[in-house]
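Dear colleague,

Please find the structure below for your records.

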Amino acid sequence: MAKGMRPQIPPHTPPGLAALIQECWAAVPEQRPGFDVLVVRLQELLNTLKQQERTAAAAAAANAAAAQYSAQAAQLGVFNAGVGAS
């Protein structure tokens with residue numbers, strides 16, 4: 001921090017982390033969170049991110065299973081259509 005300037009927080013930064021960073025940049029040191037607060041907040045952020053990853057992974061797996069089912073159903077439909085045609 002030079003002359004009160006702060007680096008730009010990247011736009012993809014999770015909102016909770018961006019807020020925590022900004023709190024740590026408070027001009028008055030007494031307004032900055034202490035390490036005890038930082039540890040708790042960072043753990044909460046980590047837990048939230050892990051949960052979001054698990055949710056995204058489960059959704060991706062469900063989408064993959066649905067796509068596979070659709071492909072198999074399409075193959076069976078084509079196969080079944082050819083069985084009765086003589």
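**Findings**

Threonine 13 lies in the segment before helix H1 (15-24), where helices are DSSP runs of H or I of at least four residues, strands are runs of E of at least two, and both are numbered from the N terminus. The model is a predicted one, in which local features need pLDDT of at least 70 and side-chain atom pairs count only at pLDDT 80 or more, while totals for chains, interfaces and linings use all residues. Residues are numbered from 1 along each chain as its sequence is written, and side-chain values use heavy atoms, with hydrogens and water left out.

Threonine 13 counts as buried because its relative accessibility is 16% (buried means under 20% relative accessible area, exposed over 50%, and partly exposed in between, with a 1.4 Å probe and protein chains only). Its side chain reaches the backbone oxygen of proline 10 at 2.8 Å.

The protein contains 2 helices and 0 strands. A search of the whole structure finds 1 salt bridge, defined as a side-chain nitrogen of Lys or Arg within 4 Å of a carboxyl oxygen of Asp or Glu. It joins the side chains of arginine 41 and glutamate 23, at 3.0 Å from N to O. This pair links distant parts of the chain, with arginine 41 in helix H2 (residues 35-83) and glutamate 23 in helix H1, 18 residues apart. Arginine 41 counts as partly exposed because its relative accessibility is 24%; glutamate 23, at 30%, also counts as partly exposed.

Of the 86 residues of the protein, 8% count as buried.

Yours sincerely

Technical notes: A polar contact is a pair of N or O atoms within 3.5 Å; within protein, one must be able to donate a hydrogen and the other to accept it, and residues adjacent in sequence count only if both atoms are side-chain atoms.
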